Amino acid sequence: MNETRIDLPQGTLDLLILRALSPAPQHGWAISERIQQLSRHVLQVRQGSLYPALHRLERRGCIKARWGTSDNNRSAKYYELTTQGRRQLEVETNEWRVLSAAVAHILATD
Amino acid sequence: MMDDLRIRLRALFRRDAMEREMEDELRFHLDHQVEKYVAEGMSETEARRRARQQFGGVAQVKEDCREARGVHPFETLVQDVRYGVRMLRRTPGYAAVAVLTLALGIGANSAIFSVVNAVLLRPLPYPQSHQLVMIWGTDSKSGRSQDAISFPDFEDWKAQSRSFETVGGFTTRGVIRRCSEGHSLQPSRSRAPRIQRCWATRFGGPGSPAARTCSAERSGSTRRTTPSSA
């Protein structure tokens, strides 16, 4: 297990959650797994941040929750993107690209 | 926006259901994590211990979720009110003083407001009361304003002024001299019945708001002119 853990700033976590949900609805555990995998285990989403973030995004109308059955036949709370959530994902992705490019550029200069 | 409201209301009124759901959701996560560790070859006990450790304080996570749902403002309010009531019960003397202070404050305020409302805010009980003005004379020698004038002057004002639809007045005895309907008020003995008739038809007679205003005016001994649309 990779121990280099980076705590994500709130806004970034929201963005990653939206991204993790964009292919298909997922439950909380799967979202954190997916983020972990996609980041090649650099980012670990702590449950203490994940669930509050999910509830916050739901309240803002970016995602909506419904109860479904998981692979192992248990009832689980699935989250999916709403139209507003997709739009938000698009906007934030662009913003992130601009921001990270700018920061990278600054850091690269001597 | 609607989502926000719906979720907040649900969080407030269906609190038990919400709490249960949150409980289920977090337990599902924990169990899933345990299963993952077991699949990786950990013993059940070790896996559970590890997952728990990783999860952190469940109570804290729940608290953060509640906060994220926006339940807090309401819950905090309820808590504050409860606390307040408890504290007041514990110190009845202080509570009595507080209640008394509030009662006096509210009482005084509403008393003052009723006066201000009646005197300043509510329109006078006459038709087109916003057109009502007070006329007074000025003594050309002393330059002092005179709010009491002689009857002939009053008659002249009534006959010659063109700025007013009609002119009326009070005597210091509090009788309205209402003049728009041709009741020429002669300073004679016959005045009283005429005034009475005029008063009765136009203002509703004794006991009417006009009459009450009249007697209030009397104490200040001012005259009021009443332009009217009659």
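**View 1. The contact between chain B and chain A in a predicted model.** Chain B gives 28 residues to the contact and chain A gives 24 residues, where contact means heavy atoms within 4.5 Å. Between them the chains bury about 2,500 Å², 52% of it on carbon and sulfur atoms; buried area is the accessible area (1.4 Å probe) that two parts lose on being put together, summed over both. On the side of chain B, the most area is lost by B:Glu25, B:Phe28 and B:His29, together 27% of what that side buries. This is a predicted model: local features need pLDDT of at least 70, and side-chain atom pairs count only at pLDDT 80 or more, while totals for chains, interfaces and linings use all residues. Residues are numbered from 1 along each chain, and side-chain values use heavy atoms.

**View 2. Salt bridges between the chains.** Three salt bridges are counted between chain B and chain A (a side-chain nitrogen of Lys or Arg within 4 Å of a carboxyl oxygen of Asp or Glu). A:Lys77 and B:Glu25 meet through their side chains in a salt bridge, at 3.8 Å from N to O.

**View 3. The sheet of chain A.** Two strands pair if DSSP finds at least two bridges between them. Seven bridges join β2(A) to the antiparallel β3 (residues 75–81) of chain A. A:Lys64 is opposite A:Glu80 in β3(A).

Notes. Chains lettered and ligands numbered in written order. Helix = DSSP H or I, 4+ residues; strand = E, 2+ residues; numbered from the N terminus.
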